[in-house]
Amino acid sequence: MSEANVMEKIVSLCKRRGFVYPASEIYGGLNGFWDYGPLGVLLKNNIRDSWWRNMVECPPIAPDGHPVDMVGIDTAIIQNPKTWVASGHVGGFSDPMADDKKTNQRFRADHAYGVFVEGYTSSERSVYIVGGGNFGLAATIVGSSLGEAIAFLEQSPRQVPTAPGQEAFREAALLPEDQWFTLNHTLEVKLKSGKRVRAFVQPLQSHKLLENEKTAQQVPSPFSGQFDLTEARQFNLMLSSDIGAVDPIKAYLRPETAQGIFLQYKNVVDTTRVKMPFGVAQIGKSFRNEVTPRNFIFRSREFEQMEMEWFCHPDEARKWYEFWKAERMKWWRSLGVAESNLRFRDHEQDELSHYSKMTVDIEYKYPFTAPDFGELEGIAHRGCFDLTQHQQHSGQRLDYFDQELQLKLKEQGASDEDVKAKSRYIPNVIEPASGLTRAVLVLLCESYAEDASRPSPVYMKFDPKMAPIKAGIFPLVNKEGMPEVAEKLYMDLRTKFMCEYDPKQSIGKRYARMDEIGTPFCFTIDGQTLQDQTVTVRERDSLKQERIGIDKVMAFLTERLI
C-alpha cells in the first residue's frame, strides 16, 4: 500500500471518528481551515499540556544541574501594526507565487517540481545530462515536498499534463534503490506509445527555471502542460483586518506568536524574578494566508503554535542552541514518535530567515513526504535581531543589566569600562517553535496501524498518555446487574481519567470502536465480576486479556498513565 493511500485512510478515519472535520462543511468548507472534533480536541490538549508541563511547569535541567528559568505568557492575536514593520513581516514575510495565465490557477513557485524524462527533446535550458542520458523537462508537478511530488506521479501519471510535443504518461513507478543513478528517486515511466524510459523528479527552483518571465515561459504549466506561466512574484502571507469604527486602522492577525513575547520582554523582566538566561513560553493561534494550503492539517491558514523564546548572553547563545536541540528532540520521542521517523536538518545559508544566524529543523517522515521528511519544529538562533528592531522602532530600551555578571567581572579585576560594556547588553534569543496542530498530525500518522485479524482492521496505537480516551468501561450484557457495577466503576475512574462508558452493541464491536479511536485499555464487567469482584482488562496493542480485582483498576491505570 502506498504512503499516499495511508494518508487518505487517516483523513477518512479522522472524519469518521471525530478527530478533525472540515471547517464550515455545511457551506462547502473553506480551504485551509479545519475544526477539531471531540477526539481531536482531546488529543490536541494532551499534546499541549505535555509541552506546557515540560517547558514551563517542570522545565528541563540545565547543564549546571538546576532547572532552567521559565515563565509562561499569553499575548494578543492582534498587536499594534508597527510590530510587524519592526519584525520585518510587512516587508519580507512572503512566498514566491506563480500563475497559469490562461486558467488563472495559482501555485507556490518553490513547490514546483520538474519531471525530467530520458530521451525527451526540449529547450536547451531544460535538458540535463545524467548518467549518460539526455533528460528533458516533460512536466511540472506541484507538491510541498519531493516525496509528495513523486507520490502524485506514481499514483496519477495520466493526470500529469505534459508539455506540448511530448508524449503523455501512462504508468510510473519508483525504481528500487539499487537501480538509482546519480540522483535519487529515479522512476520508470511508460509513455503513451508504450515505450518505457527512466525519469527523475527535481525542484525547478534549483535549476533557476522560474527566475524571470523568459525562463518561466520554458516551464510547462502543472495545470495544462502549456507554456503559459507568469514569473514568480512575492505574495505576503499576513491576514489583515480593520480596527475601529471611525477611520479604522489596518491591523494584522499575527503570523507567529513570538513577537508578542518580544513586546512583553521588558515587562516580564521588570515584574518577575527571572534572571538571565531565562525563557518565555506561549501557546496560541497564528494565521498565514498560505498560497496553497495542502496535506490535510499540515499546512493550513489558521493553526496553533507552541513557541518559546530563550534569552541569554550573546557569548552563551551557541551553547543554549545545542541544549535546546537535544531537549526538543527528546520531547518528541517522549510522545511515542519513533526515532527512525525523526531527524535534524540544518538550514543552508541561502534558506535562513532574515533574523536567523542558524536554524535547524526537526523533521518527521510524513506519509505524503516519504521517503523524505517534512518540517515539524524549527529551532532558530535569532541573535539580537528582534529586540534590537523593537528597541529602534519603539524608542524603548530593551537591553538587560546583568548584575550578577557585573559582580563577577569586578571580582575578576576587570576594568570599569569593561564591566560597564559587558554587563549591559541586548540578549540573544534561541527559539524552539513548533506547530501544535502539526503535532496532532504527527501523532495521527505515527499511531495509524492496520491488522486484518483484529475486530477492527484499523487501530490507533497512541502512547497511552497521549490517547484521547484512556479507558473504555463495558458491561458484557446490558442486564443481570452488570450495568450497575460497570457504571459505578466508570463514575470512580472519570474523576481522574478521560473514560467512556458504553453498554451498547456486541463486545466485539465495542472493542473495534475503541481500537479505532486509540483507547489503550478496556475493562469488561461480566458474570464472573458479580461472583469474585474481578474484571477483564484488554490491552489495545497486544490484545492480551487478564483479570484483575475491580478495586485495583484505578491503580492499574495510574501506574500506566501518570
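1. A nonpolar core is taken here as a set of buried Ala, Val, Leu, Ile, Met, Phe, Trp, Tyr and Cys residues joined through side-chain atoms within 4.5 Å, where buried means under 20% relative accessible area, exposed over 50% and partly exposed in between (1.4 Å probe, protein chains only). The model is predicted, so that local features need pLDDT of at least 70 and side-chain atom pairs count only at pLDDT 80 or more, while totals for chains, interfaces and linings use all residues. Residues are numbered from 1 along each chain as its sequence is written, and side-chain values use heavy atoms, with hydrogens and water left out.

2. The largest nonpolar core has 64 residues, and those touching the most other members are Ile47, Trp310, Trp320, Trp324, Ile430, Leu441 and Leu444. Leaving aside residues up to four places away in sequence, Ile47 touches Met306, Trp331, Leu335, Leu436, Ala439, Val440, Leu443 and Met466, contact meaning heavy atoms within 4.5 Å.

3. Ser434 belongs to strand E22 (residues 428–435), strands being DSSP runs of at least two residues and helices (H or I) of at least four, numbered from the N terminus. Ser434 is buried, at a relative accessible area of 3%, and its contacts, not counting residues up to four places away in sequence, include Trp51, Glu304, Arg328 and Glu377.

4. Leu237 sits in the loop between strand E12 (233–236) and strand E13 (239–243), and is counted as buried because its relative accessible area is 4%.
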